[in-house]
Amino acid sequence: MKSLVFKKDGLHRLSASYIPERIPNREAHQLEIFNTVIGFLEGRLPLKAMVVNGPSGSGKTVTVKKASEQVLKYCSQRSIKLEYRHLNTRFASSDFTLAQMIALSLMPNIPGRGYGSRELLFTVFDYLEKSGSSFLLVLDDFDSFLSGVRSRFFTDLLKISEEYEDRVKLILILIGIEDVSRKVKDSWATSFFWKIGRSFKPYSAEEISVILKDRVELSFNENSVDDSLVYFIGRLTERFGYGSARYGIELLLASGLNASYEGSSRVVPEHVREAQFRIESIITPEDLKTVFSQDPEVRRLVERLLRVFESCEEPFIGFKTLEEHGVRTRDSNVVEKLKRLHLEGLLDYNPSRREVALIGMPLRLLQQAFD
Ligand SMILES: Nc1ncnc2c1ncn2[C@@H]1O[C@H](COP(=O)(O)OP(=O)(O)OP(=O)(O)O)[C@@H](O)[C@H]1O
Ligand SMILES: [Mg+2]
């Protein structure tokens, strides 16, 4: 069946492997990485291993990939010979397998046996020396690798790199959720790290919204997804997804699929809540019933809110509308209860924007709490 919400080919622009044209809120990071790599390459900066760290989904991988693309373009315009590889090291189980991954990425026909990890690295440098190329090597999820093995890899690599100092330039970028430089125990190696100045922090709801608006434009038909819905997903991502863009994009995709299955031409808040609920259950009708039994006034308040949510397709309900439905948003007693429901995860209560949204469960489950 043809989807009414997704554009033809839209889905793949929401996939993990898709690299977007623009990376909002990370342009400055990209530029800093680009400038630093070029600085290393052209000898303006002493050569070090760049460390990029920050929480999951904060854009480390995509930003380094964009910066690397930019470096490749810069080099090809100036006929600078550069090999570039971006390797995920998460599943490398030893120094040997990692050295093998690197060697194979450059020399696919190298025999798998008969070498140790240091020998493989020497082979890599010999290859680079012969080809006259510098090497931009990105080791992604490198903190996972270092936690899994007792590694001498980094020290070996630096020592070998020193031996080839004037002949081969190796530019390393080490990505991890944790700061990789803290995981390398060898004090000799610690002066070889270069930390970028800008940090990768979790995205705020506003930042996620800007990122998602681009994806909406690329993947969805016009008028299928309102801006307010995008901000709604941003709030869910900030509150439940640790500000991870991956979480936000997956939520957008799953919400769109829900709309598609229903044959709907618009994605509505309930599609998002159902998608969120499938990722994790924040609060159940049973939890709510317990809260209600402790405080009947909360029950009455939520019942009123339920009527508003049922009658309104907007994700966020303004205080004015709530007042019209008998929710006294200025009454301090009510405010306390709204705050409590916010903390429980049922609501997004936002006094500065003067609005409330149902975020902790689908409407259909909220109705069950009154059965
Ligand atoms: N600023 C951004 N603009 C557009 N898309 C982004 C941005 N930041 C992240 N993304 C997208 O969000 C997803 C997660 O980003 P990425 O893989 O770079 O995160 P990460 O920091 O490497 O996370 P992890 O530590 O889990 O590997 C990717 O699909 C990426 O394309
Ligand atoms: Mg990553």
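Two strands are taken to pair if DSSP finds at least two bridges between them. By that criterion, β7 pairs with strand β8 (residues 355-358), for four bridges join the two, and they run antiparallel. The structure described here is a predicted model. Its domain assignment gives domain 1 (27-195), domain 2 (203-279) and domain 3 (285-368).

**The five-stranded sheet**

- One open sheet consists of five strands in the order β2-β3-β4-β1-β5, and their pairing is parallel.
- At the edges of this sheet stand β2 (82-88) and β5 (193-195), each of which pairs on one side only.
- On average, and with direction ignored, neighbouring strands of the sheet are turned by 20 degrees against each other.
- Strand β3 (residues 134-140) is joined to β2 by seven bridges, and the two strands run parallel.
- Within this pairing, Y84 has L136 in β3 as its bridge partner.

**Helices α8 and α9**

- The axes of helix α8 (residues 205-219) and helix α9 (residues 227-240) come within 8 Å of each other and cross at roughly 130 degrees.
- Because of this angle, α8 counts as oblique to α9.
- The crossing of α8 and α9 is right-handed.
- From α8, the residues A205, E206, I208, S209, L212, K213 and V216 take part in the contact; they meet V230, Y231, I233, G234, R235, T237 and E238 of α9.
- Sorted by class, the contact of α8 with α9 comprises seven nonpolar, three polar and four charged residues.

**Helices α9 and α10**

- The axes of α9 and α10 come within 9 Å and cross at roughly 135 degrees.
- α9 is therefore oblique to α10.
- α9 and α10 form a right-handed crossing.
- I233, G234, L236 and T237 of α9 make this contact with Y247, G248, L251 and L252 of α10.
- The contact of α9 with α10 contains five nonpolar and three polar residues, and no charged residues.

**Helices α10 and α11**

- Helix α10 (residues 245-261) and α11 have axes that come within 8 Å and cross at roughly 120 degrees.
- α10 passes α11 in a right-handed crossing.
- On the side of α10, the contact is made by L251, A254, S255, N258 and A259; on the side of α11, it is made by H271, V272, E274, A275, Q276 and R278.
- By class, five nonpolar, four polar and two charged residues make up the contact of α10 with α11.

**Contact between domain 2 and domain 3**

- The centres of domain 2 and domain 3, taken over C-alpha atoms, are separated by 22 Å.
- Twelve residues of domain 2 are in contact with eleven residues of domain 3.
- On the side of domain 2 that touches domain 3, α9 and α11 (269-279) each supply at least two residues.
- The helix α9 gives the most to this side of domain 2, with six residues.
- The residues on this side of domain 2 divide into six nonpolar, one polar and five charged.

Notes
Residues numbered from 1 in each chain as written. Chains lettered and ligands numbered in written order. Predicted model: local features only at pLDDT ≥ 70, side-chain atom pairs only at ≥ 80, totals over all residues. Axes fitted to C-alpha atoms, helices over the stretch in contact; angles between N-to-C directions. Parallel < 35°, antiparallel > 145°, perpendicular 65-115°, else oblique. Left-handed = near helix turned anticlockwise from the far one by under 90°. Contact = placed C-beta atoms within 7 Å. Nonpolar A, V, L, I, M, F, W, Y, C, P; charged D, E, K, R; others polar. Domains from an automatic or database assignment.
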